[in-house]
Amino acid sequence: MSFVLSPRTVEEAVGLLAELPDALPMSGGASLVAMKNARLIEASHFVSLAGIASLHGITATDTGLRIGGMTRHAQLAACDLLTGDLSMLRQAAGQIANRVVRNMGTIGGAVGNADPAADYLAVLACGDAHVELTGTEGSRLVAMTDYVTDWYETLREPGEIVTAIHLPAARPVPSVYRKLCRVPGDYATASVACASDGDGVRVAVGACGHGPIRSREAEAALRGNLRDPVAIAAFGAALADLADPVDDVRGTSEFRLRLIPRMVAAAISDLEGKR
Amino acid sequence: MHLEGEFTVAAPRLTVWQAVHDPALLARCVPGCEEAAQIGENSYRAVVKAKVGPISARFTLVVDIVEEEAPDRLRIKAQGEEGSRASMLTAESELALSDDGDGRTRVTWASDVNLSGRLGKYGLGLMKKKAESLSAEFVTAFSRRVETGEVVE
Ligand SMILES: Cc1cc2nc3c(=O)[nH]c(=O)nc-3n(C[C@H](O)[C@H](O)[C@H](O)COP(=O)(O)OP(=O)(O)OC[C@H]3O[C@@H](n4cnc5c(N)ncnc54)[C@H](O)[C@@H]3O)c2cc1C
């Protein structure tokens with residue numbers, strides 16, 4: 001039996017989580033309820049974040065966008081602010097699961113849960129996003145590229161919640177999210193987020209390790225060589241070298257390692273076509 | 001799930017052999033081990049807590065040494081369950097020690113782990129990654145404690 005608590009402010013929510021060590025935060029409940037029903041998790045209380053006004057909505061900031069943790073996938077999939085190099089976030093949100101899950105699930109829950117195959121992780125790493133974490137001591141920002149530290153492990157301390165995602169303002173250059181899955185709506189077997197960046201690209205690979213894979217050195221080496229298939233192949237190989245995929249029902253580790261260079265090359269060619 | 005590995009410890013074979021029989025020492029090296037005790041000549045009992053994201057489990061394990069050739073080879077069977085019998089775990093492991101020169105010992109190990117029940121349904125690929133990182137943690141802790149001479153309890 002778990003009790004649901006419904007705080008009205010972030011301070012109240014993190015206070016409850018600090019006070020009740022066996023409590024878990026709950027955003028949409030999309031994954032939490034499924035895990036509870038499968039008896040995978042036990043919690044004395046669920047601290048629902050749904051009633052906290054400051055976690056809802058997407059707002060412009062001095063530096064870009066702040067996406068509240070309670071923002072649902074469906075809202076992001078329809079968000080007009082996500083243009084140019086942020087359009088990949090909109091594309092990713094629209095490819096999560098199905099309509100029911102997109103209406104329920106949230107970006108805060110997805111980032112908090114840090115499923116290695118979650119669609120947002122690669123996009124946010126590619127987009128230079130920061131995760132806003134809030135605990136009883138206040139808020140801090142961590143770069144998405146540093147956030148995931150091991151399988152389902154992140155820099156988030158117990159008792160902290162993901163209150164928002166921060167992104168730089170959209171630039172008018174193309175971006176793409178490519179997701180390979182067995183059937184539409186499945187978790188990714190592998191995914192690639194790719195955004196144009198002057199005469200180069202920013203690229204992050206998803207579902208091929210404990211966290212998203214990005215290499216600024218490899219991106220620097222590719223700069224100016226976006227039409228050179230040899231340079232692109234070397235770039236894909238460099239990212240595959242950083243991968244550590246699982247063997248699972250979606251594919252073997254070997255298969256995923258072979259997918260990476262192909263998907264990366266395909267994503268880069270998508271961008272060239274959109275210029 | 002099959003796991004295997006190999007590592008070297010900067011200590012002589014006999015010292016390492018004693019260390020792998022020392023429940024108190026092992027308990028401090030096994031990540032998440034909350035208690036360990038000898039319950040028979042070749043039998044040990046341990047309580048180990050493991051966590052993957054929001055999912056955590058506490059297993060009570062009975063570990064038996066089923067075969068040994070001192071100071072080279074050891075075969076171990078572990079069997080355990082969660083308190084509510086929600087999942088069951090069995091593991092058969094083999095350990096071989098050999099001299100690696102300069103007073104160093106090479107440890108080669110292999111383990112077949114079976115998990116059934118509520119956790120058995122959870123992604124095996126991920127469990128393997130988790131098991132690999134726990135093994136690596138164990139190796140680091142074990143080598144450090146043996147090398148600093150913390151063997152006899
Ligand atoms: C059938 C199904 C298919 C899915 N397919 C996909 C898919 O294709 N791609 C994909 O990316 N995702 C997929 N998901 C996951 C989906 O994106 C969920 O929305 C996501 O896991 C988070 O759900 P939620 O926001 O409702 O969080 P919840 O279910 O409420 O919580 C999930 C976990 O995160 C923790 N948590 C919740 N909110 C926070 C917070 N603000 N800060 C810190 N921790 C928090 C909870 O304690 C819990 O452990 C799928 C889920 C289901 C059920």
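This is a predicted model: local features need pLDDT of at least 70, side-chain atom pairs count only at pLDDT 80 or more; totals for chains, interfaces and linings use all residues.

Which residue in strand 5 of chain A is the bridge partner of A:A60?

Mentor: The partner of A:A60 is A:L65, which belongs to strand 5 of chain A. That bridge takes us to the pairing of strand 4 with strand 5 (residues 64-68) of chain A, which is antiparallel and runs over three bridges. As background, strands of a sheet pair through backbone hydrogen bonds, in either a parallel or an antiparallel way.

In chain A, five strands make up an open sheet with antiparallel pairing, and their order is 4-5-10-6-7. Strand 4 (58-60) and strand 7 (138-143) of chain A are at the edges with a single partner strand each, so each has one side without a neighbour in the sheet. On average, and ignoring direction, neighbouring strands of this sheet are turned by 25 degrees against each other. Helix 1 (residues 10-19) of chain A packs on the sheet, where it touches strand 6 (130-135) and strand 10 of chain A. The direction of helix 1 makes about 130 degrees with that of strand 10 of chain A.

Strand 10 also leads us to the ligand. Strand 10 (161-168) of chain A is one of the elements that each supply at least two residues of the shell around the ligand. Helix 6 of chain A gives the largest share of that shell, five residues. Residues from chains A and B surround the ligand, so the two chains share the site.

Terms used. Residues are numbered from 1 along each chain as its sequence is written. Chains are lettered from A and ligands numbered from 1 in the order in which they are written. Side-chain values use heavy atoms; hydrogens and water are left out. A residue is near a molecule or strand if one of its heavy atoms lies within 4 Å of it. Helices (H or I, at least four residues) and strands (E, at least two) are DSSP runs, numbered from the N terminus. Two strands pair if DSSP finds at least two bridges between them. Axes are lines fitted to C-alpha atoms, for helices over the stretch in contact, and angles run from 0 to 180 degrees between N-to-C directions. Contact means heavy atoms within 4.5 Å.
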